[in-house]
Amino acid sequence: MAPEGAKAVDRPDVGTDRPAAPSPSDGLTFPTAAGPGGAGRAGGPSIVTRQPGAQESDPRRYRNRRRRLEVGLGIAIPVLLFAGWQWASKTGALDPRFFPAPSDLWSTAVRLFQSGVMGHEIVTSFRRVFEGFFMGVIAALILGVAIGASHIARSALQPVIYGFWAIPKLAILPLLLLFFGLSEFPIILLIAIECFFLVLIPTIAAVSTVSESYREVATSFNAGRLQMLRYVLIPGAMPLIVVALRLAAGASVLVMVAGEYIDGKEGLGFFIFNSWQLFEPKQMYVGIIVVSILGTIWTLVVQAVGRYLTRWQRET
Amino acid sequence: MLNGHVSEVTGRPRISFEGVERVFADRHREVKALGPLDLTIGEGEFLSVVGPSGCGKSTLLRLVGGLLPPSAGRIDIVHRDPARHLVAMVFQDHSVFPWRTVAENVQMGLDIATDLPKAEKEARVRHWLDRLGLTDVADAHPATLSGGMRQRVSIARALAVDPEILLMDEPFASLDAQLRMLLQDELLRLWEEDRRTVVFITHSIDEAVVLGDRVVIMGARPGTIKASFEVPFARPRDLSLRGSAEFGEVVQRIWELLRQEVITELAESRQEAASH
């Protein structure tokens with residue numbers, strides 16, 4: 001161990017007025033004294049020894065142990081939370097009318113899935129999410145790349161884009177309902193609009209800031225505009241686009257739920273809101289948990305696709 | 001100072017500059033970066049260009065490469081075989097695409113600039129990977145390579161399109177001294193095989209002399225040609241040239257020509273800093 005190894009030769013007198021007197025907190029102050037900086041101090045010469053710690057002497061074992069610990073914690077903490085919740089609800093520490101126990105939620109969930117109700121709501125909602133997401137994202141990528149690649153288009157359109165971006169998207173839902181009636185189309189459109197801006201703005205920024213040296217290489221091979229896009233601008237912008245897609249995936253679920261609260265005859269958002277109106281907290285919880293789990297899976301899928309698209313990047 | 005605007009050229013002219021100028025304008029002012037500049041580069045000549053930083057060396061190269069248009073004057077370049085790629089550039093650093101593997105990087109110019117069949121492209125890529133010792137890392141991404149390997153990729157990429165003229169913009173500037181010598185040696189051997197016209201920008205006099213048939217010395221603000229110096233050493237050369245007394249003498253003479261430019265440049269940039 002590094003501290004012990006160095007301790008014998010290195011007197012830690014940092015911050016004391018009496019360099020000769022051994023300080024009581026010897027062992028505790030020591031690591032700072034031996035830190036990479038090696039603070040200067042009064043007194044004679046000393047030797048600072050750097051030695052391998054436990055981590056270096058058996059790196060593989062250390063790594064595996066570390067990995068098991070991380071995975072274990074990732075599972076143990078949610079389990080503990082649920083156990084605590086279960087206990088509190090059953091003993092009456094939490095009012096079971098508002099905080100029904102997880103075991104009761106489980107039986108409600110099983111009933112909802114078996115009757116096909118939940119399956120129907122999930123399919124309805126996530127079809128909307130996918131339709132809105134892809135509409136918005138595809139439009140944003142095409143427009144974003146075109147605007148990002150052209151100085152003139154940027155000057156012309158950026159003020160308009162930022163102007164529209166500043167409008168809270170949920171605030172225009174009533175307007176969309178007015179235009180398109182109480183159908184599901186306004187919800188899909190709202191998801192599309194939200195995803196559109198979330199992807200458009202980073203795409204423009206990313207495409208327009210791809211390094212000049214990369215552009216020059218393509219230019220020196222007489223690349224045309226489309227070749228420039230294909231070989232340089234789009235791959236160069238991809239890391240930022242991928243981040244934007246992840247944000248848009250999360251936002252698409254959020255907007256779906258909010259939209260269905262307002263304009264709802266079916267779907268998960270409607271289901272949660274309706275359960276509240278019927279005072280069915282168990283169903284509400286099940287709805288919320290289903291949305292969070294599926295929303296997380298959806299963002300993870302988008303993230304995985306993004307990782308694949310930018311697999312050339314070295315992650316630290 | 002030598003009155004070396006027009007220089008003796010080995011062989012026929014390949015590239016000629018006539019009264020070439022380049023001005024950069026921003027919101028506040030116009031800065032003349034280059035010229036007026038007259039220069040003739042011969043067929044098959046390896047021309048080295050040295051000068052203080054900011055003297056417009058890179059601008060000169062970009063003008064030849066067609067990356068920048070001149071603001072005044074004209075540059076004539078002989079394109080012998082219009083079916084062949086005219087110029088290819090090797091850039092300083094950060095020009096190898098991180099999202100493409102080594103082999104894909106080398107193939108990039110072929111993808112963009114040619115309609116060769118896939119097999120022919122791959123054969124050429126294999127050839128240049130082999131020539132530059134990159135075969136083992138063909139499928140690696142550049143992020144996993146050292147700076148020297150990345151510069152090799154850059155050189156292979158330029159040569160893969162078989163350009164009539166090779167333009168090199170301080171290609172070894174970011175490499176350590178040992179690696180730089182190694183790559184200079186490799187470049188000399190590659191060049192001996194086909195002796196294509198090369199314009200090589202560098203800030204290292206030593207490098208300019210080892211590689212070049214002729215060294216052009218540029219002065220700063222705006223960049224003009226101060227002197228042109230024929231390198232007297234026979235080809236083929238190798239790096240043992242560095243050990244000879246004549247080599248030291250030549251480097252010393254070029255340094256004397258260049259020193260005044262560097263001092264002037266330094267004084268001017270100080271003055272400018274003080275006036276801000």
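Student: How are H5(A) and H13(A) oriented to each other?

Tutor: Two packed helices are described by the angle between their axes and the distance between the axes. Axes here are lines fitted to C-alpha atoms, for helices over the stretch in contact, and angles run from 0 to 180 degrees between N-to-C directions. Helices (H or I, at least four residues) and strands (E, at least two) are DSSP runs, numbered from the N terminus. In this case, helix H5 (residues 102–114) of chain A and helix H13 (residues 281–309) of chain A have axes that come within 9 Å and cross at roughly 75 degrees. H5(A) and H13(A) are therefore roughly perpendicular to each other, given that angles under 35 degrees count as roughly parallel, over 145 as roughly antiparallel, 65 to 115 as roughly perpendicular and the rest as oblique.

Student: Before going on, what kind of model is this, and how are its parts labelled?

Tutor: This is a predicted model, in which local features need pLDDT of at least 70 and side-chain atom pairs count only at pLDDT 80 or more, while totals for chains, interfaces and linings use all residues. Residues are numbered from 1 along each chain as its sequence is written, with chains lettered from A and ligands numbered from 1 in the order in which they are written.

Student: Which residues meet in H8(A) and H9(A)?

Tutor: Two residues are in contact if their C-beta atoms, placed from the backbone, lie within 7 Å. By that criterion A:Leu173, A:Leu176, A:Leu177 and A:Phe180 in H8(A) meet A:Phe185, A:Pro186, A:Leu189 and A:Leu190 in H9(A). The contact of H8(A) with H9(A) comprises 8 nonpolar, no polar and no charged residues, where Ala, Val, Leu, Ile, Met, Phe, Trp, Tyr, Cys and Pro count as nonpolar, Asp, Glu, Lys and Arg as charged, and the others, Gly among them, as polar. The axes of helix H8 (residues 173–180) of chain A and helix H9 (residues 185–208) of chain A come within 9 Å and cross at roughly 135 degrees, and H8(A) and H9(A) are therefore oblique to each other.

Student: In chain B, how many bridges join strand S1 to strand S2?

Tutor: Two strands pair if DSSP finds at least two bridges between them. Strand S1 (residues 13–25) of chain B and strand S2 (residues 30–42) of chain B run antiparallel and are joined by 9 bridges. A hairpin of 4 residues connects S1(B) to S2(B), and B:Ala25 has B:Glu30 in S2(B) as its bridge partner.
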